Amino acid sequence: MISHLKPACVLLVVFTVLTGMIYPAAVTGLAQVLFPAQANGSLIQGQDGQRQGSRLIGQPYSDPGLFWGRPSATAPYPYNAGASAGSNLGPLNPALKAAVQARIQALREADPGNIAPVPVDLVTASASGLDPQISPAAAEYQVGRVARARQLAPEIVRDLVARHTEGRQWGVLGEPRVNVLELNLELAALPR
């Protein structure tokens with residue numbers, strides 16, 4: 001029995017050190033050297049050098065002079081990365097219909113002259129509830145409101161949206177998208 005116990009204890013210590021210390025330290029070190037921005041959360045710095053957020057996690061905006069992102073289902077705090085989850089409300093659920101109607105009403109009240117159809121990604125939460133991007137159609141829907149609030153020509157705002165529109169990954173995966181935080185940071189840097 002003791003002859004079996006000694007090798008088992010030695011292996012436990014060896015593999016604990018190997019897989020619990022050496023391997024994580026090596027992977028962390030490689031990530032810091034090869035992909036430092038991604039390894040540190042893809043954080044975005046503002047003009048003042050302060051961290052403004054992550055390129056990967058959406059943020060709530062309600063200022064009419066900024067672009068609004070996709071709604072978050074991470075209750076009770078919007079865009080709570082620790083509570084990443086969808087709402088789990090099915091398409092026939094009355095609570096989903098009420099939430100979508102309330103979001104449509106909020107968008108219409110913020111821009112009463114806009115009679116265009118509201119893009120679906122502005123009124124429905126994603127599966128993670130943390131999407132940092134919106135569709136180009138959702139950004140275009142907001143151009144008029146943002147331009148008026150910032151007293152800018154719509155063409156200037158449209159140009160910003162175009163510069164921040166990312167295409168499909170490798171030309172085939174996903175859909176074109178606009179990162180709301182990056183767009184709003186550049187928008188905030190413009191003189192008002």
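**A chat about the predicted model**

Colleague: How much accessible surface does the protein chain have, and what share belongs to carbon and sulfur atoms?

Modeller: In this predicted model, the accessible surface of the protein chain is about 12,000 Å², and carbon and sulfur atoms hold 64% of it.

Colleague: What share of the residues is buried?

Modeller: Of the 192 residues in the protein chain, 28% are buried.

Colleague: Where do the domains run?

Modeller: The protein chain is divided in two parts, with domain 1 covering 2-40 and domain 2 covering 51-189, and the C-alpha centres of these domains lie 41 Å apart.

Colleague: And what about contacts between residues 24 or more positions apart?

Modeller: Among the contacts in the protein chain with a separation of 6 or more, 55% are between residues 24 or more positions apart.

Colleague: Switching to charges, how many positive and negative side chains are there?

Modeller: The protein chain carries 15 positive side chains and 13 negative ones, and the centres of the two sets are 6 Å apart.

Colleague: Now some single residues. Where is asparagine 80 found, and what does it touch?

Modeller: Asparagine 80 is in the loop between β2 (51-54) and α3, and, leaving aside residues up to four places away in sequence, it touches Thr74 and Leu130. Between asparagine 80 and glycine 129 there are 8.4 Å in space, C-alpha to C-alpha, although the two are 49 residues apart in sequence.

Colleague: Why does asparagine 80 count as partly exposed?

Modeller: Asparagine 80 has a relative accessibility of 26%, so it counts as partly exposed, given that this class lies between the 20% and 50% cut-offs.

Colleague: And asparagine 114, buried or exposed?

Modeller: Asparagine 114 counts as buried because its relative accessibility is 14%, which is under the 20% limit. This residue lies in the loop between α3 (94-110) and β3 (133-134), where asparagine 114 touches Arg108 and Tyr141, again not counting residues up to four places away in sequence.

Definitions and conventions:
Residues are numbered from 1 along each chain as its sequence is written. This is a predicted model: local features need pLDDT of at least 70, side-chain atom pairs count only at pLDDT 80 or more; totals for chains, interfaces and linings use all residues. Side-chain values use heavy atoms; hydrogens and water are left out. Helices (H or I, at least four residues) and strands (E, at least two) are DSSP runs, numbered from the N terminus. Buried means under 20% relative accessible area, exposed over 50%, partly exposed in between (1.4 Å probe, protein chains only). Contact means heavy atoms within 4.5 Å. Accessible areas come from the Shrake-Rupley method with a 1.4 Å probe; for residues, only the protein chains shown count as cover. Lys and Arg count as positive and Asp and Glu as negative; His and the chain ends are not counted. The place of a charge is taken as NZ of Lys, CZ of Arg, CG of Asp or CD of Glu. Domain bounds come from an automatic or database domain assignment.
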